[in-house]
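Biologist: Could you walk me through this structure slowly, part by part?

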Amino acid sequence: MNSKKVIAMLSILLLVASTAVFAGGQQDAQTMDSAPAKMVEKVEVTGNPASGDLEIFSWWAGDEGPALDALIRVFEKKNPAVNVLNATITGGSGVNAKAVLKTRMLGGDPPESFQVHAGQELIGTWVAAKRMLDLTPLFKAEGWMDVFPKDLVNLIGTKEGIWSVPVNIHRSNVLWYVPENLAKWGIKPPKTWDDIFAAGDKLRAKGIVPLSLATTWTANHLWESVALGVLGADDYDALWAGKISWADPKVVKVWETYGKVLKYTNNDAASLSWQQATDMVVNGQAAFNIMGDWAAGYMSTTLKLEPSVDYGWMASPGTDGNFMFLADSFGAPKGTKNPDATLAWLAACGSREGSDAFNPLKGSISARTDADLSLYNVYSKSAAEDFASNRIVGSLAHGVVANEGFMNDFSTVMEMFLKSRDSQQAANACQAIAIQNGMGK
Amino acid sequence: MNKYKLNKILLYVVLIIFVAIYLVPMYMAFVTALKDPSEINLSTAWKLPSEANWSSFKEAFLLMAPNLRNSLILTVSATVISAMIGSINGYIFSKNRFRGSEVIFTLILFGMFIPYQIILIPLFQVLKTIGLYGSLGGLVVAHVVYGIPIVTMLFRNFYDQIPSSIMESAKIDGAGFFRIYSGLILPLSIPGFVVVCIWQFTQIWNEFLWGITLTRQAANPITVGLSQLAGGQAVSWNLPMAGSLLSAVPVLIIYIFLGKYFIRGLLAGSLKE
Amino acid sequence: MATFNSLGKRKDKIISILVLLPSMILVGIFVYGFIGNSIWVSLTDWGRGAGLAEHPVKNFIGLENYRFLFTNFIQGRFRQDLVNAVFYTVFLLVGTLGLGLFLAILLDRPVKREGFYRTVFLYPMALSFIVTGTIWRWLVAPSGGLNLIPKIFGLPKWNFLWVSSRDSILNFNWQNIIQIILIIASFVFAIILIRAIMNREKRVIIKFSIFLGLSLLYVLVLHRLLPPILPMEEAHGFNLATIGILIAAIWQYSGYAMALYMAGLRALPASIRESAMLDGANEFIYYAKIAIPNLRPITLSAVVIMAHISLKMFDLIYAMAGADNGNTGHPSINMYLTTFRANNFARGAAIAVILFIVAAFFIIPYMIHSHKERQGL
């Protein structure tokens with residue numbers, strides 16, 4: 001028995017094993033051909049009373065848990081016969097949860113309903129795989145076509161149908177600051193990026209970070225605000241619709257501006273959490289921070305600060321009148337064991353009562369235009385007003401406008417850019433990944 | 001004499017510096033766990049809390065109690081099963097070699113080095129097919145199967161220490177495979193079992209990826225419970241730190257009280273002179 | 001008597017095989033079968049389009065995924081991850097074994113309360129990488145933790161970015177990677193060759209002369225003649241951000257190496273030490289010339305265990321630096337993101353296979369070595 005024999009044995013074993021598996025794969029393909037083509041494509045609103053088990057799959061635990069619990073209580077009151085299994089899997093904006101969900105779906109064991117970012121993250125992944133049920137009948141039966149804004153319904157649906165029920169709306173393009181500090185430093189709230197650059201030089205001299213930043217995903221988050229500000233809403237939408245190339249000079253300009261913005265950020269960004277970046281503004285180490293409005297929830301609830309007194313906000317530079325949104329939503333996968341309960345759950349998610357129980361605790365606003373604003377704090381009220389009156393565009397960093405493949409590659413391009421700061425290269429790379437991921441031309 | 005004393009002092013100084021280094025993370029976890037969330041701040045990370053706030057430990061324990069129970073069941077049963085398999089395998093590879101046994105051993109050993117992410121999807125599918133997905137049973141199977149290579153290796157190394165000559169007289173007396181194993185080898189195996197059990201216990205207790213993928217909520221092990229504590233977008237650091245310490249307690253106890261046997265067992269396993 | 005004995009032997013052999021069979025079947029399916037499955041998946045285009053469909057389309061596309069990973073410019077991150085994986089493994093080995101040996105030697109002399117020191121050095125091993133990662137993430141935060149240490153001594157605080165530095169050292173151009181590997185290999189071959197010449201082992205001399213000749217042929221001649229393996233220059237190196245991760249990993253596992261070495265040192269008969277001392281050796285010479293060479297089998301076991309652990313760095317990096325941090329990346333994290341976030345199952349499988357091959361580079365020589373050694377027994 002020498003080493004050659006070991007290797008020979010090893011390769012034979014591997015070969016045998018892989019042929020066996022290969023044969024298994026072939027068999028799969030055959031069963032696919034002969035499988036009956038009939039599939040349920042739409043939910044059926046039957047009005048059956050729901051009972052049995054309902055597994056709700058989400059990544060809301062910890063500080064976000066209470067909001068989900070409130071929503072579940074609303075549901076349980078209406079459907080006392082249903083046993084809710086609240087399956088939460090935490091970890092950085094759903095990274096673990098997504099792996100578990102995908103493994104389960106591939107293994108043929110979908111939960112009754114799962115949390116997903118509304119928009120392309122759902123459409124590009126699950127709708128494209130024909131794994132979701134069209135919810136149009138539910139939307140019609142519940143009268144949701146009138147209470148959800150048109151722009152929103154367009155973004156969560158395709159020509160074939162509507163795929164999820166949004167439970168909340170967050171705003172992405174918000175600039176946060178402490179009014180008292182700005183007054184002390186003699187700075188006015190900035191309207192444009194040039195204002196920030198001018199203020200930034202002044203702040204730098206005082207040893208203050210002009211704009212605080214955290215790990216990679218917050219860099220993506222900042223990028224989308226810069227892009228919206230530089231391109232304007234029309235071109236921003238055109239970019240995602242594939243009408244403007246990523247290599248277009250306008251997009252290169254976005255990267256150039258973004259590179260300039262980065263010069264005004266802290267150099268330890270990559271090791272901070274977004275909360276720590278918010279802390280920097282609150283503590284007076286930094287002047288501004290661009291973050292979604294969960295930062296308002298953090299400052300009001302965890303840090304016990306008073307909105308518009310202890311902290312102030314405005315649309316990020318150049319994006320006034322635009323509301324860049326992201327939303328969590330729940331959908332109905334095909335092939336679940338308890339479709340009645342799924343339907344009842346989705347009805348609760350979209351209901352005014354459910355929405356108003358969930359959102360004040362979550363720090364977000366309701367997706368419905370008829371929410372009871374008296375339940376929300378000062379910040380949320382202003383966000384709700386903007387949501388009703390502004391042009392609505394979708395977020396990149398949070399899955400509204402791009403599919404998951406693109407988002408993953410975009411993070412890689414971002415890492416490249418953070419290292420090289422080469423705008424042209426980043427724009428070209430984005431063009432390449434857009435094509436690879438079946439977006440744009 | 002003087003030089004001897006100086007050396008001695010130097011030795012203790014160096015040792016104490018290392019003790020400090022090794023204890024720093026524990027200190028940090030403990031101090032943070034005892035703080036009130038509002039008191040936790042990076043720039044004062046090293047400071048003791050203004051007053052000890054034990055409620056985080058209580059809260060973490062209440063939240064993780066079911067996971068703790070699951071992990072105990074999982075770890076104990078998987079450890080016992082894999083130790084038994086390892087012992088008999090090791091006995092064969094060490095004392096009952098046959099033509100080709102070395103090759104089989106090498107092939108089995110190779111299983112230690114696969115990255116577990118690679119087998120996640122097929123593993124899930126197999127467990128689902130045999131009806132074990134979602135329960136602790138499926139997790140036990142996964143840990144036992146992927147534990148086979150390392151437990152076999154540890155036991156084989158251990159048995160290689162025992163001179164084969166002790167088996168000769170038993171063989172002449174006509175004792176067979178199992179009689180020698182249960183009458184002669186097993187009673188000598190306790191140090192081997194200690195090493196293997198400690199190793200497997202630690203590995204299984206601390207495993208996360210399978211815990212989260214292969215079980216449903218009711219059967220989630222402790223690492224998953226811990227990650228629920230640390231989850232959410234706004235993290236208050238006291239709770240995860242308290243949870244980390246709590247979840248480490250069972251394994252820490254093993255190391256503190258059985259560490260001596262662990263080292264003694266390693267001694268038996270690693271020297272082949 | 002003889003026939004009885006051989007009959008018993010044959011019976012034992014059959015029993016042995018029967019007892020081993022379940023383990024062999026399980027390992028065959030769960031290890032080799034699944035690896036085979038991954039290799040097959042890596043040769044398909046599973047994940048293009050609707051990868052998560054109930055019956056996903058998997059077309060055979062040969063080595064396309066591998067070509068993509070090694071040549072597409074967006075996959076520069078993957079290539080850096082590979083470089084990181086090699087550095088992680090090497091430094092984890094050097095760090096844990098070096099520190100472990102040092103501590104073992106310290107504790108090899110009469111020390112009061114030895115059990116206390118031993119427990120303190122060993123306890124981190126009881127923690128999971130998730131726990132270690134969570135605690136150390138707090139320790140390596142730039143504005144706190146380790147960077148505040150100099151303040152205790154009244155010095156200005158450090159500003160090192162433990163897990164987020166974008167600097168790297170030992171930079172090289174990826175286009176030269178084969179050349180670099182072969183230059184290193186040539187050195188190894190040359191050393192073996194010289195030793196073989198000194199020991200007059202004819203077969204080894206011939207074998208390694210050929211190896212050396214082939215690598216030098218590539219390094220000196222072929223490298224310039226063949227087209228570059230990558231169309232553009234691409235710098236890779238040792239990322240300083242990995243230092244933070246490495247410190248945590250070494251902190252966790254050096255105690256294990258210490259325990260192994262302590263056991264080994266204790267096992268050396270006292271007489272060896274005494275006779276060495278009588279021959280006028282001091283402590284240093286005793287350890288360098290006598291003790292450490294005797295610990296070789298332990299070092300080998302430790303190398304295997306550490307290589308095994310370095311594959312599981314996933315949890316630690318994930319908890320300490322996050323999955324998107326390109327500076328601390330590891331192929332296992334890349335594989336996870338490619339598979340479960342980007343839904344590209346085939347490319348994820350290809351990364352896993354490559355990771356497996358890299359691991360094999362470390363493992364196969366050990367396995368062959370120990371295999372031969374057992375043959376010698």
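This is a predicted model: local features need pLDDT of at least 70, side-chain atom pairs count only at pLDDT 80 or more; totals for chains, interfaces and linings use all residues.

Biologist: OK, how is chain A divided into domains?

Modeller: Domain 1 of chain A covers 52–170 + 326–394, while domain 2 covers 171–325 + 398–436, with bounds that come from an automatic or database domain assignment. Their centres, taken over C-alpha atoms, are 27 Å apart.

Biologist: And how many residues are in contact between those two?

Modeller: On the domain 1 side of chain A there are 29 residues in contact with 30 residues of domain 2, where contact means heavy atoms within 4.5 Å. Together the two domains of chain A bury about 2600 Å², and 59% of that is on carbon and sulfur atoms; buried area is the accessible area (1.4 Å probe) that two parts lose on being put together, summed over both. A:L326, A:Y379 and A:R391 supply 29% of the area that domain 1 buries against domain 2, more than any other three residues.

Biologist: How many salt bridges cross that interface?

Modeller: The rule finds four salt bridges between domain 1 and domain 2 of chain A, counting a side-chain nitrogen of Lys or Arg within 4 Å of a carboxyl oxygen of Asp or Glu. A:K102 forms a salt bridge with A:E404, and their closest N and O atoms are 3.0 Å apart.

Biologist: Which helix gives the most on the domain 1 side?

Modeller: That is α16 of chain A, with six residues on the side of domain 1 that touches domain 2; helices here are DSSP runs (H or I, at least four residues), numbered from the N terminus.

Biologist: Switching to chain B, where do its domains lie?

Modeller: In chain B, domain 1 is 1–53 and domain 2 is 56–270, and their C-alpha centres lie 32 Å apart. Between them they bury about 740 Å², 79% of it on carbon and sulfur atoms. B:M26, B:A29 and B:A33 supply 44% of the area that domain 1 of chain B buries against domain 2, more than any other three residues.

Biologist: What about chain B with chain C, how much area do they bury?

Modeller: Chain C and chain B bury about 8800 Å² between them, with 78% of it on carbon and sulfur atoms. The contact takes 92 residues from chain C and 88 residues from chain B, and the rule finds zero salt bridges across it. Helix α1 of chain C (residues 2–42) gives the most to the side of chain C that touches chain B, with 18 residues.

Biologist: Last one: is helix α14 of chain C mostly covered or uncovered?

Modeller: Helix α14 of chain C, residues 331–341, is mostly covered, as 11 of its 11 residues are buried, meaning under 20% relative accessible area (1.4 Å probe, protein chains only). Among the buried residues of this helix are C:N334, C:Y336 and C:R341. Just after α14 of chain C, C:N343 takes a positive phi of about 60°.

Key: Residues are numbered from 1 along each chain as its sequence is written. Chains are lettered from A and ligands numbered from 1 in the order in which they are written. Side-chain values use heavy atoms; hydrogens and water are left out. Helices (H or I, at least four residues) and strands (E, at least two) are DSSP runs, numbered from the N terminus. Buried means under 20% relative accessible area, exposed over 50%, partly exposed in between (1.4 Å probe, protein chains only).
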